[in-house]
Amino acid sequence: MNIIPYSELDITILPGNHKRGSVVERACSNITYGQFPPNNFGFPVGDIVLKLGYCGFGPSKKGATGLRHIWDKHHKEIGLSCPSEIPCFIETVIKQGSSVLIDHGKSTDKPLVLSSSTGIAILCHKVSQKRNIYEIITAYTRRQHPGTVIATL
């Protein structure tokens with residue numbers, strides 16, 4: 001697994017799509033944001049990680065994910081001035097007590113982690129090296145979202 005050190009999270013790492021599968025290290029040198037909890041909806045327990053991600057394509061940046069997507073689409077809304085601030089924002093969303101919900105009107109295979117005081121993160125379940133992980137697809141400041149709560153972090 002390739003890891004992007006926290007100290008390298010600046011604007012120069014964003015152009016292009018090289019290293020998009022690399023995991024982004026947090027400021028505390030840890031690579032996980034916590035563990036997806038047991039639930040009755042069929043999602044397995046697994047580590048939550050942020051990958052460098054993909055810039056997307058076309059004017060709407062279709063298919064964008066991870067740190068690159070959060071920076072490109074949401075950094076102004078969140079109030080960020082540098083990509084290195086993204087892990088800190090995500091830590092305020094994905095924390096003990098945050099609700100995990102599923103929006104039946106959207107993609108039921110992408111759980112949402114919601115902190116009503118900070119924002120929301122959308123996750124996607126993957127299997128990597130025979131381990132369950134949840135990649136952070138995006139995060140932004142929306143504080144409410146319809147759906148069914150399936151667990152609490």
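How are α1 and α2 oriented to each other, roughly parallel or roughly perpendicular? In this predicted model, α1 and α2 pack with their axes 11 Å apart and at an angle of about 75 degrees. Angles of 65 to 115 degrees count as roughly perpendicular, and the two helices are therefore roughly perpendicular to each other. On the side of α1, the contact is made by Leu67, Ile70, Trp71 and Ile78, and α2 contributes Ile86, Phe89 and Ile90. By residue class, this contact of α1 with α2 comprises seven nonpolar residues, with no polar and no charged ones.

The strands were examined next. An open sheet is formed by seven strands, whose order is β3-β4-β8-β7-β6-β5-β9 and whose pairing is mixed. The edge positions are taken by β3 and β9; each has a single partner strand, so one side of each is left without a neighbour in the sheet. On average, and with direction ignored, neighbouring strands of this sheet are turned by 35 degrees against each other.

The hairpin of β7 and β8 has two residues between the strands, and glutamine 129 takes a positive phi near 50 degrees in it.

The pairing of β6 with β7 is likewise described by an antiparallel sense, over four bridges, and a hairpin of three residues connects the two strands. On its other pairing, β6 runs antiparallel to β5, to which three bridges join it. In that pairing, serine 99 stands opposite leucine 114 of β6. The side chains of β6 point in two directions, with Leu112 and Leu114 on one side and Val113 and Ser115 on the other, and all of these residues are buried.

The arrangement of nonpolar residues was then considered. In soluble globular proteins, nonpolar side chains tend to be buried together. In the present model, the largest nonpolar core consists of 31 residues, and Leu50, Ile90, Ile94 and Ile136 have the most contacts inside it. At least two residues of this core come from each of α1 (66–78), α2 (86–93), β3 (32–36), β5 (99–102), β7 (119–128), β8 (131–140) and β9 (148–152). A further core of six residues lies apart from it, with Leu101, Ile120, Ile122 and Tyr140 among its members. For isoleucine 94, once neighbours within four places in sequence are left aside, the contacts are Tyr33, Ile48, Val113, Ala121, Leu123, Ile136 and Leu153. Ile90, one of the residues with the most contacts inside the largest core, also takes part in the contact between α1 and α2.

Serine 29 is not a glycine, yet it has a positive phi of about 70 degrees. This residue is placed in the loop between β2 (23–24) and β3. Its relative accessibility is 52%, and serine 29 therefore counts as exposed, given that the cut-off for this class is over 50%. Glutamine 129, also not a glycine, has a positive phi of about 50 degrees and lies in the loop between β7 and β8. With a relative accessible area of 60%, glutamine 129 is exposed.

Notes
Residues are numbered from 1 along each chain as its sequence is written. This is a predicted model: local features need pLDDT of at least 70, side-chain atom pairs count only at pLDDT 80 or more; totals for chains, interfaces and linings use all residues. Side-chain values use heavy atoms; hydrogens and water are left out. A nonpolar core is a set of buried Ala, Val, Leu, Ile, Met, Phe, Trp, Tyr and Cys residues joined through side-chain atoms within 4.5 Å. Buried means under 20% relative accessible area, exposed over 50%, partly exposed in between (1.4 Å probe, protein chains only). Contact means heavy atoms within 4.5 Å. Two strands pair if DSSP finds at least two bridges between them. Axes are lines fitted to C-alpha atoms, for helices over the stretch in contact, and angles run from 0 to 180 degrees between N-to-C directions. Angles under 35 degrees count as roughly parallel, over 145 as roughly antiparallel, 65 to 115 as roughly perpendicular and the rest as oblique. Ala, Val, Leu, Ile, Met, Phe, Trp, Tyr, Cys and Pro count as nonpolar, Asp, Glu, Lys and Arg as charged, and the others, Gly among them, as polar.
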